[in-house]
Amino acid sequence: MRNRWVQLSFVGWSVFFLSMICASAQKDESHIHVVVDMVQLNVAVTDNNGNYVTGLRPQEFVITEDGIQQKLATFAEGNEPTRRLLNLADSNDPAPLGSVPPAATKSLLANDPPATLGSLVAGANVFILFDTSNYMYRGFVFAQDAIAEFVRSLDAADKVAFYSYSRDLSRSARLTSDRSQVIGAVRTTVAGDDAALYNTLLLTVKDASQISGRKVIVVFSNGPDNASMVPPEDVAELAQSTGIPVYMISTREAKIEPISSTVFERMTAATGGKAYFAKNWKDEKRAFASIRDDLGHLYSLSYYPQANPNRGWRTIQVRLVGERLKKYHIRTRNGYRPLPARFTAESAAVPAPESGP
Amino acid sequence: MKSPLPVLLVAVAVLLSSSPATADAARGADSSDQALPGSSNAVVNIPGPLRSFMRMAAISQKVAPDEVLPLLGRNVFIEGYEGYQSSRRPTEFLILLHRYVQQARELSNLTDRHGILRVANCEQAKPVLRVLGYRLRPDCGKESTYLETAQPERAFLTIDSGFPLPQLEQALRGGKPFEYEYRGSQVPILFSDREWLASATLDRSNNKDVIDVIVTEPDVARLYWALSRLDPDVTQVLKKSVGIRKLAPLAAVLDFYGTQFRIESGQVLVPGGSEAESSWKDLVGASPADPGEFLERLLAKDRGWLAAYFDALSRLKMSEQKHFTEPQRLRRLYAAFRAPDTSAEAARAVFRPAPGLLLLMTRTQWQADGQPYVPGNLSAWKQIFRQPSDAKVVRDLGKRASHWSTPEQLLEAMFALTRIDSRDTPLQTYLLLSEVDGGRSRQQRLSPDTVQMLARKIARFSDQYLIFCEFPELNDLSISHFLTSAEALDKIPDHVLRGNAMGIFQAQVGIWQIFARQGQIPAAKLNDSWQSTVRPFARIGSAAQLFDVGQNSLREMLKVASGRAHLSQDQVFDLLAGPRQTDAEAERIRQEVADRMRAVLDGQRLVSLDTVFGLGDGLEELARGKVSANSLLPAAGELREFEMPRPIFTPGERTEWSGATYNNNHTELQMRTDLTRIIKSPHSAAQLQEARGQLVPFLRDTLVGLNYAYYEPPGAQALHSNPLLVRSHDFAGDTLAGVEKRVWLAADLVGEGSPAGGGAHLVGSLAELPYVLAEVEQDFISPESVQALIWRELVPEFLVDATVPRWWNVSRNELHAIALHQRAGEELLSAAQNDADLANKVLSILSQRMIPLAFERLQESLATKRVEEILPKITPADTFYLAAEFRRQHPQAVAAVGPAGQELDKISSQYPDEVDWKRLSRDFGVPHPILAQSYRRELLNLKPFPAFQGYSSRLLAESWDSSNLYWARLADEMGYSPASLNRLVPELTRRMVEKIFATEFEDWPAILRALQETGREFRQGKFSSVEMTAASSQH
């Protein structure tokens, strides 16, 4: 079995030094020690037609947490290198805005070689979670085709992990830059058994949260869950708190099933991702293309939270400054809950055996 | 093992046959591993790679070739058909298997004469892709080339069977040749193809080989499976004397009850030995000296019930068999067993019926005069049988009970009750009370009054009695106080107060149990501390009073366990983690254990005991004017810090979609609690005193949380991620209709797979918390192999074996003795292959533990001097038992066999107390909550239990006691301290579970394989203790 700690290595996002800071000091031993990472946000900005708005600058974003304005620490657009922001006053000139219609992107996706497309998502760590439960039986192979195509198109992305689930999670391909390994994993899944989507999505979020850098989870599921022990709320909260957008692709059948479609829509919205309900396997491919498109146009912002006594849920708001930008729509996670961290790996490390065998 | 899609139905003829095109190219299967019983060296050819066939047939990839056909037979009759007899229809599993074989045959036709599938270029790819159900996009030979589905049915088979499609795609993209060995695979057959073809009863025209017959005739499939698990001598006798065709109708009985048959020197070995032969001859109607006739009649007699009786007796040790097979008793007990329903069949269901029979036989206790032991006295049992019952058999026995004059008659009644499919008969009472009383000294036996009291209340409190089995020191008065308090709690009219009181009461009992088990409550104080813990709960009239009782009772218990009544929550964790260790390393591990518990309470976001008790004391002092109101406000504010998870559903959606499983009244009530208002506003002393009652729900959750945290299973996630898990525990049955009668029993798991239900939670008591939590958390363990599953019948018990035991009081010598026993057992086996006398002694001991087929293989390996091959297939518990029992029977002989035996002798004489069997059993055994009705650890030395219907599937897992023995040996040999087991065992167990790749849940070799693979990786340093600790902290 691969050592999960290998995944902790930095993968080109050196600017994202994840030093931990204490948001609230430990008052005494009876209090939970709340630790807050640098907060990362993936922000999609679109116009009324759903076109991505590009060319925005750091100072045009205002982030508040529980109403407290935050200072941006880093900024990146799409596949640009991330910039650490030392002094925002350096560049106050308005930049020319651009917008990229999804249709144009789609056309690009459909006709251009994957290398071009892949460059859009350079630096992302993409976790794919594939439903292999009995619910997926009918569309199983088409779904695999769509996922394989998606993986192939992610050439320039940092790394991809492929997990599948029914009642249990199978980490078929750990995070890797080797596409053939991932596609091999896609093509060796086995169908059958109950569906525990939220259990396994929770495990996926936890795996992803161990990785530094930008990461997203793409779930391909037919919807129903008949075996999970944890509710979707807990999974959504964890994804929000760890800054991981969740994208979900499902079928029209799932759309008919109101519980799943409700969860899919609300969970993805809360985390800054999106839900897609595909009519057929061609639509599934389009949904994947749309996710690639999204990844390529996200702004990555981060900040270290200002002093905030709130140890519960913290609401995040992102807005754009200036009249000309007010018309645009923003999609990102809407908050997070600082995680208690009294017990850490460091505190538990112990020496090896007393003597050799 | 994940079987593909057992849900869909299509009635089609299912025919499989081997491909002549591949027959000559077939490679020889490696059948040297184990000779199939009755093997005639015949083989059958399976088209395509064996691993693909095994995937489609839902057979573990780790089995040997000679196990493939038996497991195919098993899967066909278990999973291949729906309906019964004439209404039988093939399931999707069988249909897919059939389609796969067709596809494999087509691909085989495309291979060259060496059985290689070659694709040199795009043109050659076309026919292959057609068979596979794929097509090339957009053009062949370009970097952008990829494969996509053309025919979904075929493509599904391609993927499901594990065809290397990515490699083919890669080759086509790069314009490189693709080669794949696609030879047919030969696997050994039991008997011969011809004989199986002749056994077919249905249309034979399309049958080409044994596989066709197995797949098309489920009775034959079952017979094949059954015969392959028999002692080879028995298989041969049955084939010769009865014949395959005549055996087919008896396949089910043979499957369930045949594995214990043994023939030696031309004679069937019957339970009870030679002294019982004439009794068996009478019962069966044939002499054991005529094995063919005896076995045939045994299988056919009384619709299989005599075979069931024979089987259960055969599984006992000879000393136990002797009791039951006294001539008169054998007949009388069988008559009693058979009587309740003579028309029922003993092998109609998927699992064996009447689990109580084997349980009763295994656990019956005998008095010195040879009579069965009766808890209380016979009069008490006459009363017990007069209690109202829904079962006619019970009522009839009750009428006869007044005439009983001997314990023998009570035992006969119990045998009759084993046929009743209910957990609510006097049999369960007898089994449970025998366990409660059985561990007591003569002076401390339960009084007849206590027996009757326990029996009267058993329907409501049976699972609570497990603690009385675990602590036989608890006397009649302690038991009585417990029941008085529990019943008083039941009568609290306010359901909110009742639920909180039941929760606090049980949580305190749970904490007492932990302290007592860890030796922190001295034996002399067990009764006093128990009574002071439970007794105050008999008079709860208000929430404020409950708060006082809960606080005082906990403080009393802490005082006994630590010497101090007032401990902080951190200190309580410290105490629960185990006794303080003098060794620095051990102490650090103990702190880790405490930290893990703290992490659970953090994950549950529970208010700390310090806050709750601090506020309680503060309110009292405020009432007396000793503190200012402002000083209490920060703590009162902490009560309001908890927030519900951000809702995904609206209240209306929850109501509509949760199926009534969402109920968080307890949490919502907590969230409405605002002590700051009372503290800030004008108040009387009485109002402040009363306000302490508002702390009760918080106190309950934190105390319950301590119990949850202590039993955290390895790999747990829900405990860390669902902050409502503890809060949602429903003690009073408020959230589900109709569960009021079950609230004191083991908790039910509610809300699994109900996304709008707020997550799974427990409804019921804490009595079996370790097991229920393991059920909650088991599916967060990820199987390592594609197609492997977490076996729900086994895994929770394995997790319990790792979470309940702690090793703080284990000495180095003890740990070393565990390893030495196992090594000495191996030495004995190795030496026995060169020493006939030793071989007889060894076999005589192991015949009491091993099933006949395994025993036969061992015998054969000793005879052929190939013990080294069989050693890895012998469980650690077997080698351990062998050494221990051999030393008991031949005290001087074991040292002569090898160095481990010598060293074992040496430390046994130097440290007799530490190497004492009872102590080793207590420290390295496992809990048996169903078998022995206790969480006490014990090595029971039983043959593996078979799978039964219903709850009794747990018996199967409880009969596995090898894991902790093996982990202990591993730790000893790698130089770890005994205290390290507290860290190692949970994590090694989790990794073992990940590695289990079994075809069915009676697949003990798969469990042993997973155990050994884990040990091997640990020895090789593939994961270290440090890493494991870090991993377990990443919740």
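Two strands are said to pair if DSSP finds at least two bridges between them, and helices (H or I, at least four residues) and strands (E, at least two) are themselves DSSP runs, numbered from the N terminus. By that rule, strand 13 (residues 215–220) and strand 14 (residues 246–251) of chain A pair in the parallel sense over 4 bridges. The model is a predicted one, in which local features need pLDDT of at least 70 and side-chain atom pairs count only at pLDDT 80 or more, while totals for chains, interfaces and linings use all residues. Residues are numbered from 1 along each chain as its sequence is written, and chains are lettered from A and ligands numbered from 1 in the order in which they are written.

**Chain A overall**
- The secondary structure of chain A comes to 10 helices and 20 strands.
- Of the 357 residues in chain A, 54% are buried, a residue being buried if 20 or more other C-beta atoms, placed from the backbone, lie within 10 Å of its own.

**A sheet in chain A**
- Six strands form an open sheet in chain A, with the order 12-11-10-13-14-15 and mixed pairing.
- Its edge strands, each pairing on one side only, are strand 12 (169–176) and strand 15 (275–278) of chain A, and the twist averages 15 degrees from one strand to the next.
- Within strand 14 of chain A, A:Ile249 is the bridge partner of A:Phe220.
- Helix 8 (residues 258–271) of chain A lies across strand 14 and strand 15 of chain A, running at about 155 degrees to strand 14, where angles run from 0 to 180 degrees between N-to-C directions and axes are lines fitted to C-alpha atoms, for helices over the stretch in contact.

**The nonpolar core**
- The largest nonpolar core has 430 residues, and A:Ile128 and B:Ile214 have the most contacts inside it; such a core is a set of buried Ala, Val, Leu, Ile, Met, Phe, Trp, Tyr and Cys residues joined through C-beta atoms within 7 Å.
- Helix 28 (residues 495–517) of chain B gives the most to this core, with 12 residues.
- Leaving aside neighbours within four places in sequence, B:Ile214 is in contact (C-beta atoms, placed from the backbone, within 7 Å) with residues including B:Leu69, B:Val76 and B:Tyr224.

**Two helices of chain B**
- Helix 16 (residues 305–314) and helix 19 (residues 355–363) of chain B pack at an angle of about 35 degrees, with their axes 9 Å apart.
- Their contact is made by B:Ala308, B:Ala312 and B:Leu313 of helix 16 and by B:Leu357, B:Leu358 and B:Met361 of helix 19.

How values were computed. Buried ≥ 20, exposed ≤ 12 C-beta atoms within 10 Å, placed from the backbone. Contact = placed C-beta atoms within 7 Å.
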